[in-house]
Every structure is written in C-alpha cells, then in structure tokens.
Amino acid sequence: VQLQASGGGLVQAGDSLRLSCVASGRTFSSYVMGWFRQAPGKEREFVAAIGSRSYYADSVKGRFTISRDNAKNTVYLQMNSLKPEDTAVYYCAADWGYTIVVVPREYDYWGQGTLVTVSS
C-alpha cells in the first residue's frame, strides 16, 4: 500500500484546511486509516483514525473531522478553527484490520507527510 497525502499549507488562526490521503491497492476498506502529526522537536502524535467508526485526540475533538471514501481509496481530515499549536507535518497511515489504534508503531504503512502551518 502506498499513501500520498496532500492539502497542507499556510493559513491563519481560525481558518480551515482539508487534507487528503490517497491509497493504492484494492483492499483500502480493510484498513483503519489514521492521521498523525509531528511538530518540530516533538514526537509524532495521534490525531484521528477511522475504521467503521472514528476516534479523535482530545486536542482536536470538535474541530477536526476524519472521513473516508472507500470508492476513491481516500481518507480526509477536515480541520476547522485551526490554532498555531496545530502547526506540524501531518501524516496519514494505514493499519490492517478493524480495531482503531493510536500508537504509531501499530500502523503498517505511512504517507510522506504534508506541512500545515498556522500563523497567529
């Protein structure tokens, strides 16, 4: 499985962005898809994941929405009310199976990352 993330950019606090991640292969629906982020000098952290249901980190709950379109092999991350602390490289990841996990090492495949910068 190859993952290609896109949609990052430079925005102001309060703005919105939608990230997309397109996966190769024909078994996309069999994967839990996750979004993680990594800010400079910090560890990679869980943002959101979606299988048959979705799950969010507390820091983004109510502001971010993860969704997927299995027909297009694509997972999205709609980010609203962005804050400067959301600035990071955002990565999409795929984990074979149906149980949502939040630990990066549990994910099998990773995209290349897309940079989101939120100015104050």
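Is W110 buried, partly exposed or exposed, going by its relative accessibility? At 28%, W110 counts as partly exposed. The close-up views below come from a predicted model.

**View 1. F36 and W110 form a tilted aromatic pair.** The two ring centres are 5.0 Å apart, with 55° between the planes. F36 belongs to strand β4 (residues 31-38) and W110 to strand β10 (residues 109-110), so the pair links distant parts of the chain, 74 residues apart. F36 is buried, at a relative accessible area of 0%, whereas W110 is partly exposed. R44 lies over the face of W110, 4.8 Å from the ring centre.

**View 2. F46 and Y55 make up another aromatic pair.** A pair of aromatic rings is described by the distance of the centres and the angle of the planes. For F46 and Y55 the centres are 5.9 Å apart and the planes stand at 35°, so this pair is tilted. F46 counts as buried at 11% relative accessibility, while Y55 is partly exposed at 40%. The structure holds eight aromatic pairs, and ring pairs link F36, F46, Y55, Y91, Y107 and W110 into a cluster.

**View 3. R37 and D86 meet in a salt bridge.** Side chains of opposite charge can pair when their charged atoms come close. Here the N to O distance is 2.9 Å. R37 lies in strand β4 and D86 in the loop between β8 (74-79) and β9 (88-96), so the bridge ties together parts that are 49 residues apart in sequence. R37 is buried, with a relative accessible area of 6%, and D86 is buried at 0%.

**View 4. D86 also forms a salt bridge with R63.** The closest N and O atoms of D86 and R63 are 2.7 Å apart. R63 lies in the loop between β6 (54-56) and β7 (64-69), so its bridge to D86 ties together parts 23 residues apart in sequence. R63 is buried, at 12%. Salt bridges that share partners join R37, E45, R63 and D86 into one network.

**View 5. K61 and D58 are joined by a salt bridge.** Their closest N and O atoms are 3.1 Å apart. K61 counts as partly exposed, at 48% relative accessibility, and D58 as exposed, at 66%. A search of the whole structure finds four salt bridges.

**View 6. The largest cavity holds about 30 Å³ of space.** Its lining consists of V1, A23, S24, G25, T27, F28, Y31, M33 and A94. By class, six of these residues are nonpolar, three are polar and none is charged. The charged end of R68 sits over the ring of F28, 4.6 Å from its centre.

Terms used:
Residues numbered from 1 in each chain as written. Predicted model: local features only at pLDDT ≥ 70, side-chain atom pairs only at ≥ 80, totals over all residues. Heavy atoms only, no water. 1 Å grid on protein atoms, 1.4 Å probe; cavity = no way out; pocket = protein on both sides within 12 Å on 5 of 7 lines; lining within 4 Å. Points joined across faces, edges and corners; volume = space filled by probe spheres on them. Nonpolar A, V, L, I, M, F, W, Y, C, P; charged D, E, K, R; others polar. Phe/Tyr/Trp six-rings, centres within 6.5 Å; stacked < 30°, edge-to-face > 60°. Helix = DSSP H or I, 4+ residues; strand = E, 2+ residues; numbered from the N terminus. Buried < 20%, exposed > 50% of the residue type's maximum accessible area, 1.4 Å probe, protein only. Lys NZ or Arg CZ within 6 Å of the ring centre and 35° of its normal. Salt bridge = Lys/Arg side-chain N within 4 Å of Asp/Glu carboxyl O.
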